[in-house]
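Hi,

Here is the structure I promised to pass on to you. Have a look at it first, and then read my notes below.

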Amino acid sequence: MRVVIAGGHGKIALLLQRHLVGRGDTAVGLIRNPEQAATLRAAGATPVVCDLEHTDVAHLAAHLEHADAVVFAAGAGPGSGAARKDTVDRAAAALLADAATRAGVHRYLLVSSMGVDTPPAPGGDDVWAAYLRAKRAAEDDLRGRDLAWTVLRPGRLTDDPPTGQVTLTPHAGRGAISRTDVAHVLAALLDEPRTTGATLELVDGPTPIAEAVRAAIT
């Protein structure tokens with residue numbers, strides 16, 4: 001399988017790339033900063049410099065040729081303002097979907113966030129609210145497309161060692177999840193196209209990942 005991952009230098013993306021390569025797949029990571037390329041190569045991935053905020057559909061689609069799937073794991077990141085939450089977390093996700101359609105790549109996994117259905121009340125953190133709005137808009141855009149999409153909403157992310165056991169359901173409830181387990185769940189979702197059309201929340205739990213993914217088949 002050849003998988004192109006947007007936000008290739010992110011923590012989850014690097015873990016996913018390392019996992020995919022370790023099992024014999026090809027991982028391509030899209031990055032904004034060419035100085036990040038060495039980190040991707042160390043993970044076994046192929047780095048491609050492509051700034052999702054400053055590219056077009058045709059240029060991005062060229063990087064997706066011969067891919068079997070795309071994963072949107074990009075984000076504006078800590079310290080960014082509300083404007084970049086929109087240009088990255090929403091607009092770049094839509095651009096990747098446009099490019100995937102143009103390149104003939106049907107499988108699309110979107111890393112979203114828990115909490116997008118209940119945004120913060122007015123008067124709270126404006127940037128956090130903008131982030132949740134952007135993620136929800138990205139989900140809504142994807143649901144309207146003719147792609148084999150799956151939305152994954154992880155809970156609070158940690159760098160704890162993976163357990164390999166999770167709760168993966170449409171409504172998992174609040175909780176934490178290690179980034180490594182998120183990466184392994186993404187890989188398992190790539191292997192199971194029958195999860196197409198599912199929006200799944202992910203936190204720590206009692207169920208082995210493979211079994212949890214099988215149970216999530218729509």
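**Helices side by side, then the sheet**

Let's start with H4 and helix H5 (residues 126–143), which pack at an angle of about 15°, their axes lying 8 Å apart. Angles under 35 degrees count as roughly parallel, so that is the label for H4 and H5. The crossing of H4 past H5 is right-handed. On the H4 side, the contact uses Ala82, Lys85, Asp86, Asp89, Arg90, Ala93, Ala94 and Ala97. They meet Val127, Ala130, Tyr131, Ala134, Lys135, Ala137, Ala138, Asp141 and Leu142 of H5. Sorted by class, this contact of H4 with H5 has 11 nonpolar residues, six charged ones and no polar ones. Do keep in mind that this is a predicted model.

H4 has another partner to look at. Helix H3 (residues 57–64) packs against helix H4 (residues 82–103) at an angle of about 60°, and their axes are 8 Å apart. With that angle, H3 is oblique to H4. H3 goes past H4 in a right-handed crossing. Which residues of H3 meet H4? They are Val57, Ala58, Leu60, Ala61 and Leu64, and they face Leu95, Leu96, Asp98, Ala99, Ala100, Arg102 and Ala103 in H4. By class, the contact of H3 with H4 comes out as 10 nonpolar, two charged and no polar residues.

Next come H1 and H6, which pack at an angle of about 55°, with 8 Å between their axes. H1 and H6 are therefore oblique to each other. Again you can look for the handedness: H1 passes H6 in a right-handed crossing. From H1, the contact takes in Lys11, Ile12, Leu15, Leu16, His19 and Leu20. From H6 come Arg179, Thr180, Val182, Ala183, His184, Leu186, Ala187 and Leu190. This contact of H1 with H6 divides into nine nonpolar, three polar and two charged residues.

Now for the sheet. Nine strands make up an open sheet with mixed pairing, and their order is S3-S2-S1-S4-S5-S6-S10-S8-S11. Strand S3 (46–49) and strand S11 (207–208) are at the edges with a single partner strand each, so one side of each has no neighbour in the sheet. Further in, strand S5 (residues 107–111) and strand S6 (residues 148–154) run parallel and are joined by five bridges.

Last, the charged pairs. Side chains of opposite charge can pair when their charged atoms come close. How many salt bridges does a search of the whole structure find? The total is 17. One to look up is the salt bridge between the side chains of Asp159 and Lys11, at 3.4 Å from N to O. This pair links distant parts of the chain, 148 residues apart. Asp159 sits in the loop between strand S7 (156–158) and S8, while Lys11 belongs to helix H1 (residues 11–22).

Terms used. Residues are numbered from 1 along each chain as its sequence is written. This is a predicted model: local features need pLDDT of at least 70, side-chain atom pairs count only at pLDDT 80 or more; totals for chains, interfaces and linings use all residues. Side-chain values use heavy atoms; hydrogens and water are left out. Two strands pair if DSSP finds at least two bridges between them. Helices (H or I, at least four residues) and strands (E, at least two) are DSSP runs, numbered from the N terminus. Axes are lines fitted to C-alpha atoms, for helices over the stretch in contact, and angles run from 0 to 180 degrees between N-to-C directions. Angles under 35 degrees count as roughly parallel, over 145 as roughly antiparallel, 65 to 115 as roughly perpendicular and the rest as oblique. A crossing is left-handed if the near helix is turned anticlockwise from the far one by less than a right angle, and right-handed if clockwise. Contact means heavy atoms within 4.5 Å. Ala, Val, Leu, Ile, Met, Phe, Trp, Tyr, Cys and Pro count as nonpolar, Asp, Glu, Lys and Arg as charged, and the others, Gly among them, as polar. A salt bridge is a side-chain nitrogen of Lys or Arg within 4 Å of a carboxyl oxygen of Asp or Glu.
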